[in-house]
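Please read the following note alongside the sequence and the model.

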Amino acid sequence: MRNNLKAQEKAGSGKIKTRTRRILLSFCGIFINVVLSYIAYRLGLPLYFDAFGTVLVAAVCGFLFPAICTALATSVLCAFFYWPAIYLSFFNIVIAVVSVVFVRKNYLKKIRMMLASILIMTFITSVSVSFLQYVLYGQQDSFLVARNANAFSSASSLPYILSLCFTNFSLYFIQYGFITIIIKLLLSFIPKSFLESFEADSWNRRIISDTARQYISDNQEKMKHPLHEKITLTVIMSSVILVIMTGSIALRIYFDTTKEQKTQNAWNCVRIAADYIEPDKIDDYIKYGNNVPGYNETYEHLKKIQTSFMDVSYLYVLRIEENGCRFIFDTDNVPYQSGELVPFDKEFLPYIQALLEGKEIEPVVSNNFFGWLLTVYYPVTDKNGKCVCYVGADVSMEYIAGYMGTFIVKVLFIMAGFFVVIVAFTIWNVGNSVSYPISAIAACVDMFSDSSENQKELEENVRRIRSLNINSGDEIQKLYDAICRMTLSQSGQIRDIRRLSESTLKMQDGLIITMADMVENRDSDTGAHVQKTSAYVKIIVEGLKKKGYYPQRITAKFMSDVVRSAPLHDVGKINISDSVLNKPGKLTDEEFAIMKTHTTAGKEILEKAIASVQGESYLKEARNMAAYHHERWDGKGYPEGLHGEVIPLSARIMAVADVFDALASPRVYKPAFPLEKALAIIQEGSGTQFDPKCVEVFMDSISEVKKVLKKYNSEISGSAD
């Protein structure tokens, strides 16, 4: 026990060291990525080499979780000096996954596959970076890559985005080619023992022992819906729903807040503008326009006000009439002329009556030729309080929509990387704490239940279950401990039951032999008939099993029952008088009729024995053999004249064994037939007296039959040889 504890402590220590090496390797990869990226950023290089450490971790460690953690941590740290790096976290994780796959497949050892890995990583990075640059900066990006892409686009007439992808592809192909070559050279110098140390124990399976893993994969292949898949799918769906709901709520709050802010700015703008409008001159402004003194000065004031409120796209003054809006001032670059009548937009139709009455209306959102606009109208009144015109301001909502689109893309880029890590962690944690232990327990319990008929296998499976050594410290460990106790207890109980059963069977077999001997001792010349017929029955039933005959009937239990019951086939002779049973000459018809009653007598004796035993009993086959072993295949036998397969199979087997022994053994009324003649008579009876299949397997087992004869019938041992 003490040695086992020391071995477990040593193994645990080795696992800790292995995990520590992986963690240190991940930190080294992150450090390399961040340092190279910072140097490239400070030097203004178009490449950052922020995947060098990620590919190195994947190549040395060969496990997914350390590699994707390295990729995510790199993106987060690089964001402190170059914020857009955080948007590339997802694509850096994809690079980590690709690297691990190629390493696990040993593709880096082949030039062609190494080139394929470089092309795949280059394609993923170039497309993702190009898309990110285009979303964030459009064609206004001032970086060197963007300038080259613009130049290439102008020279080749390709769309800018394609030119940007091509430019990035060329640069990243050089980067990943350089990284792959350097890492391949490093791997050739790193000792093989150091690389193998990272394979010592899987990072995501440390709670269960090595013994468990060999039973997990086969067990999981049989499952349609493994538990870890269900839990992982649940986490993914929950995370997606949470992200969508959170994002939707955040966007809605942002939209409403921004809309409210812009609406307030528009109100402030029109209120200030209203102070510069002279109500008494409105009619003159409409009739004479800028020819009216003060018109141009008012227009300039309105332009300055509109410029000072950056959210306001259009500022104008108009009068509401029955047929439309009559413009007075318009600060647009292509303004409506003073006095020009413009029809109402459909969005304003519900408010026309209120506007004609000079009332204030709520902000109106419209989508027309001028774009998606939010409009506020502020009434300008004369000294009598009558509304003479409205100052209107339009705020563009397209800026909000455009920013929201960019915001969504940025959030998706950022969330994607963390989302992958969360899913990977969930898979690791679920597998580590739930799926792997339960799968191992289920596989071992299945083997335990399947081995219930073999005590040695049963006890071996108990040891196998206990060797799982699940130490998760939760309900699964409690379940495992309970199963260990249950299987150990059940194994002991089955061992005791099996011993008791064996003792009972031995006692039953002894009683059978005793009963058979009582009958045989009354028969003066049967000469080990019971033993020999039992041996022949065993030869025939095993031959039928071997050739696949009667597969649904011949089971292990049937074979055991037939062999054990064979000695009782003549138990009914106990009712036959000695004068008939031991008569040296041929029996008369009356005496033969009495002799034939031993079949029905045997059936009655055994049915009484069966009635006293509850449940299935091997004596049922003994009854069949005792009652029907003198029936014939062609239906001319006794006592019921059954034929073919209507005759119980055990009785058909016994018929061949019984007749052969009668032929090959001496009787008071005849000498023993030579073996060849006895076999010839059996062969002649195939299909008439005997089941052809029973005769076939009996004739195929002559060597075993000879051994039985030699053992039990010394008088014909010479013929048997």
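1. Patches are made of residues with over 30% relative accessible area and no salt bridge, where nonpolar side chains (Val, Leu, Ile, Met, Phe, Trp, Tyr) are joined within 5 Å and like charges within 9 Å. A salt bridge is a side-chain nitrogen of Lys or Arg within 4 Å of a carboxyl oxygen of Asp or Glu. Leu233, Met237, Ile241, Met245, Ile249 and Ile253 make a nonpolar surface patch of about 600 Å².

2. This is a predicted model, in which local features need pLDDT of at least 70, side-chain atom pairs count only at pLDDT 80 or more, and totals for chains, interfaces and linings use all residues. Residues are numbered from 1 along each chain as its sequence is written, and side-chain values use heavy atoms, without hydrogens and water.

3. Met237 belongs to helix H10 (residues 227-274). Its relative accessible area is 46%, so Met237 counts as partly exposed (buried is under 20%, exposed over 50%, partly exposed in between, with a 1.4 Å probe and protein chains only).

4. Helix H4 covers residues 89-104. Its 16 residues reach 23 Å from first C-alpha to last, close to the 22 Å expected (1.5 Å times one less than the number of residues). Among its buried residues are Phe91, Ile95 and Phe102. After H4 comes Asn106, with a positive phi near 60°.

5. The protein chain holds 26 helices and six strands (DSSP runs of H or I, at least four residues, and of E, at least two, numbered from the N terminus). Of its 721 residues, 44% count as buried.

Methods: Accessible areas come from the Shrake-Rupley method with a 1.4 Å probe; for residues, only the protein chains shown count as cover.
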